[in-house]
Amino acid sequence: MPAQIPFIIANEGCERFSFYGMRNILTVFLMTSLLLAIPEPLRKGEAKEVFHTFVIGVYFFPLLGGWLADRFFGKYNTIFWLSLVYCAGHACLAIFENNLHGFYTGLFLIALGSGGIKPLVSSFIGDQFDKTNRSLAQKVFDAFYWIINFGSFFASLLMPIFLDRLGASVAFGIPGALMFIATAIFWSGRRRYVHVPPTAAQDPHGFLKVVRTALMARRDGEGRPGLTIALFGGLLAIGSLAMSPKWGFVIAFCFALVLLMGFGGIGAWIQLPRARGTHPDEAVEGVRTVLRLLVLFALVTPFWSLFDQKASTWVLQADQMSKPEWFKSSMMQALNPALVMILIPFNNLVLYPLLERAGLKLNALRRMGAGIALSGVAWIVVGGLQLWIDGGQNVSIVWQVLPYAILTLGEVLVSATGLEFAYSQAPLAMKGVITSFWNLSVTIGNLWVLVANASVKGETVTGYIQSTGASVTAFQMFFFAGFALLAALLFAGYARSYDLQNRYRD
């Protein structure tokens, strides 16, 4: 086991406490303090919109962090400097607890810092291994995910109490102090790490260069259908941005990004053979692998739609449930990391060996497909609880334990597996960027939440929901459940033809 791994794991534990410490009290703080000027009937929707916009930023900025690391500064330098930006964001939350613009500036800086380092820390762990000890990598990735949830558990349990008893300034200041400690721990191991230098700027056969060659290459007597499709996607993206005044900038921008990636990827796939000769076969096949990965990542986005709403929709549902006076609704989120810490060792030591002895080997893709399906089942259960609440029943918050348990099992199968899967499949020069695409799937997942929330504001949709006899909240819960189950079906079908790779360094 590489001796430098404990520095990265300890850094991650402190950083995750800082992130989840502020994230898990954000919705409650918005509802009870910062957004009090907004009429109460509209406040829930506004709080959810702010929360999911923030999450979209957190999982969009990995693209920037991955690009900077792979092209210019390397992983270590990018992680360190963006961690300082991250610390500044926490300071803004603590200082500007009553100032809307100052608080939102803090959220932006945290999204930039947290998002920017997100793909790099996990891929930086992968850099510490080579093919001689890669068998230990999956255990370290599981430990990495375990420590994430260790930090999240104590943050989820303690920060709602600190917010209630000590006020917002202290409650947001404590995560800032933990982030500073995380940065110091990471810095202290600087002389021990394996530093893989950035290669993208010097690589004439990088991903975007191969894609550009494929799209622009001509063949005698043939057109360029792939380029036409890519340009059409660009026009649709411009049209999406033009809808910003109606849809809001975040939704319009994210849709533009989806259109560019989707149509550009299809166009590149069609003309990819034209890049052979200009680029080596290995580079062309690397691009083909990345494009196939992006399809899998797209099918994971519904999972993130459901998972991230446990910090918004499920918290708001918990407010409607009976519970002890001392128990805060957002404290229920501590159940998720607690279950993760139990399930990761249980799965590795008990469940997976039992299944293998029974003849069923759960590879990465099978785990992820099952996890997406389980998230849909969890939302069927939570939708049933909402119908119970809407019917006027006094429902105990204890009932939320069941959907939390199902969703958490799905999370372990999707998220913990996906970290190592994304790293192992990526070409060597694109480790940071491909992990960024994995994180971008969370951005798109939260985009679906914003779109769903915006759609129920229209009279036509609202009228249809009322005709079903269900509340808007319950209807959305069952809609998202069906969304995830359909995605799980498509994921399983696509994964059957996917060829798993082993792209660790020699």
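**Cavities and helix packing**

Analyst: Happy to! This is a predicted model, and the count of cavities of 30 Å³ or more comes to 4.

User: How much space lies in the largest cavity?

Analyst: Here a cavity is a set of points where a 1.4 Å probe fits but cannot get out. For the largest cavity, the space comes to about 320 Å³.

User: Which residues lie nearest the centre of the largest cavity?

Analyst: The lining of this cavity has 23 residues. Helix 1 (5-34), helix 4 (100-127), helix 5 (137-166), helix 11 (281-307), helix 15 (401-425) and helix 16 (431-455) each supply at least two residues of that lining. Nearest the centre lie Arg16, Tyr59, Lys118, Ile148 and Asn439.

User: How many residues in the lining of the largest cavity are charged?

Analyst: Let's sort the lining of the largest cavity by class. It has 12 nonpolar and 4 polar residues. The charged residues in this lining number 7.

User: Now the second largest cavity: which residues are closest to its centre?

Analyst: About 70 Å³ of space lies in the second largest cavity. Its lining is made of 10 residues. Closest to the centre are Asp142, Asn348, Tyr352, Arg367 and Val412.

User: Which helix gives the most to the lining of the second largest cavity?

Analyst: Helix 5, helix 13 (335-357) and helix 15 each supply at least two residues of this lining. By class, the lining of the second largest cavity has 4 nonpolar, 4 polar and 2 charged residues. The helix that gives the most, with 4 residues, is helix 13.

User: Let's turn to packing. Why does helix 11 count as roughly parallel to helix 14?

Analyst: The axes of helix 11 and helix 14 (residues 364-390) are 9 Å apart, and the two helices pack at an angle of about 30°. Angles under 35 degrees count as roughly parallel. That angle therefore makes helix 11 and helix 14 roughly parallel.

User: How many residues in the contact of helix 11 with helix 14 are charged?

Analyst: Helix 11 brings Leu296, Leu299, Val300, Phe303 and Leu306 to the contact, while helix 14 brings Leu365, Met368, Gly371, Ile372, Ser375, Gly376 and Trp379. Sorted by class, 9 of these are nonpolar and 3 are polar. For charged residues, the answer is none.

User: Is the crossing of helix 2 and helix 10 left-handed or right-handed?

Analyst: Helix 2 (residues 40-60) and helix 10 (residues 249-271) pack at an angle of about 35°, with axes 11 Å apart. Thr53, Ile56 and Phe60 of helix 2 meet Val250, Phe253, Cys254 and Leu257 of helix 10. The contact has 6 nonpolar residues, 1 polar and no charged ones. As for its hand, the crossing is left-handed.

Conventions: Residues numbered from 1 in each chain as written. Predicted model: local features only at pLDDT ≥ 70, side-chain atom pairs only at ≥ 80, totals over all residues. Heavy atoms only, no water. 1 Å grid on protein atoms, 1.4 Å probe; cavity = no way out; pocket = protein on both sides within 12 Å on 5 of 7 lines; lining within 4 Å. Points joined across faces, edges and corners; volume = space filled by probe spheres on them. Nonpolar A, V, L, I, M, F, W, Y, C, P; charged D, E, K, R; others polar. Axes fitted to C-alpha atoms, helices over the stretch in contact; angles between N-to-C directions. Parallel < 35°, antiparallel > 145°, perpendicular 65-115°, else oblique. Contact = heavy atoms within 4.5 Å. Left-handed = near helix turned anticlockwise from the far one by under 90°.
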